[in-house]
Amino acid sequence: TNIDKILLWHFLGAIPLAIYSFAITPIQHIQKALKISETLAFPKFADQKKETLKKNLLPKIFKFSIVLIVPVVIYILLAPLVYKLVFPQYLESIKYTQYYALVLLLFPKRLLGQVLIAHTKTKSIYILTTTNIILKILLLFTLLPLYGIWGAIVALILPQVFTIPLEFYLFKKM
């Protein structure tokens, strides 16, 4: 889970690592808060039949994604002000945190993973997890040395984007 920080330290050093950490940490805390929705949904997913989930879940995920646009835009707009007040020595983190905030729009797709877990689709879960980790590591090793912090941010977002079709496929196939 910390390969990005280890590689960033190795390739770029302590100061870029601090800038990166201050950029991604607020978003990670927001993701932890959103994770409550996964916890609340899990028992409902376990109780529902697969056919019902396949029919009803995708529109709900789409609506959840639309609802998240407003808080993400607010975060992007307020980040410069908050960083100037709270982290004045890390103003360089602002542009990175604003870009990384876009990953929050992908959060609702995680509900598909919860469905797979709730219905004990172990093979599908392994496929998703392994694909995501391999993509992240490959992208970190290629983008980080070339693009620095931007490469690390992109390497965190792209695996989630690339695995969307795989998640939908595994969800539909279950």
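1. How far apart in helix H2 are Lys-35 and Glu-38? They are three residues apart, so about one helical turn separates them. Helix H2 covers residues 14-47. Keep in mind that this is a predicted model.

2. Now look at the two side chains. Lys-35 and Glu-38 meet in a salt bridge, at 3.5 Å from N to O. Side chains of opposite charge can pair when their charged atoms come close. Lys-35 is partly exposed, because its relative accessibility is 37%. Glu-38 is buried, because its relative accessibility is 4%.

3. Arg-110 has a relative accessible area of 28%, so Arg-110 counts as partly exposed.

4. Lys-35, Glu-38 and Arg-110 are linked in a network of salt bridges.

5. How many salt bridges does a search of the whole structure find? It finds three. One of them joins Glu-167 and Lys-109, and their closest N and O atoms are 2.5 Å apart. Glu-167 belongs to helix H8, residues 164-173. Lys-109 belongs to the loop between helix H4, residues 93-100, and H5. The pair therefore ties together parts that are 58 residues apart in sequence. Are these two residues buried or exposed? Glu-167 is buried, and Lys-109 is buried too.

6. Next, helix H5. It is mostly covered, with seven of its nine residues buried. The buried residues are Leu-111, Leu-112, Gly-113, Gln-114, Val-115, Leu-116 and Ala-118. What do they pack against? Their partners are H2, helix H3 (50-86), H6 and H8. Just after H5 comes Thr-120, which takes a positive phi of about 45 degrees.

7. H3 and H5 pack at an angle of about 150 degrees, and their axes are 10 Å apart. The two helices are therefore roughly antiparallel to each other. The cut-off behind that label is an angle over 145 degrees. On the H3 side, the contact residues are Leu-53, Leu-57, Leu-58, Ile-61 and Phe-64. They meet Leu-111, Leu-112 and Val-115 of H5. The contact of H3 with H5 has eight nonpolar residues, no polar ones and no charged ones.

8. Now compare another helix pair. Helix H6 (residues 122-147) and helix H7 (residues 149-162) pack at an angle of about 155 degrees. Their axes are 8 Å apart. That angle makes H6 roughly antiparallel to H7. H6 passes H7 in a right-handed crossing.

9. Which residues make the contact of H6 with H7? From H6 they include Leu-135, Leu-139, Leu-140, Leu-143, Leu-144 and Tyr-147. From H7 they include Ile-149, Trp-150, Val-154, Leu-158 and Phe-162. Asn-132 and Lys-136 of H6 also take part, as do Gly-151 and Gln-160 of H7. The residues of this contact divide into 15 nonpolar, three polar and one charged.

Conventions: Residues are numbered from 1 along each chain as its sequence is written. This is a predicted model: local features need pLDDT of at least 70, side-chain atom pairs count only at pLDDT 80 or more; totals for chains, interfaces and linings use all residues. Side-chain values use heavy atoms; hydrogens and water are left out. Axes are lines fitted to C-alpha atoms, for helices over the stretch in contact, and angles run from 0 to 180 degrees between N-to-C directions. Helices (H or I, at least four residues) and strands (E, at least two) are DSSP runs, numbered from the N terminus. Angles under 35 degrees count as roughly parallel, over 145 as roughly antiparallel, 65 to 115 as roughly perpendicular and the rest as oblique. A crossing is left-handed if the near helix is turned anticlockwise from the far one by less than a right angle, and right-handed if clockwise. Contact means heavy atoms within 4.5 Å. Ala, Val, Leu, Ile, Met, Phe, Trp, Tyr, Cys and Pro count as nonpolar, Asp, Glu, Lys and Arg as charged, and the others, Gly among them, as polar. A salt bridge is a side-chain nitrogen of Lys or Arg within 4 Å of a carboxyl oxygen of Asp or Glu. Buried means under 20% relative accessible area, exposed over 50%, partly exposed in between (1.4 Å probe, protein chains only).
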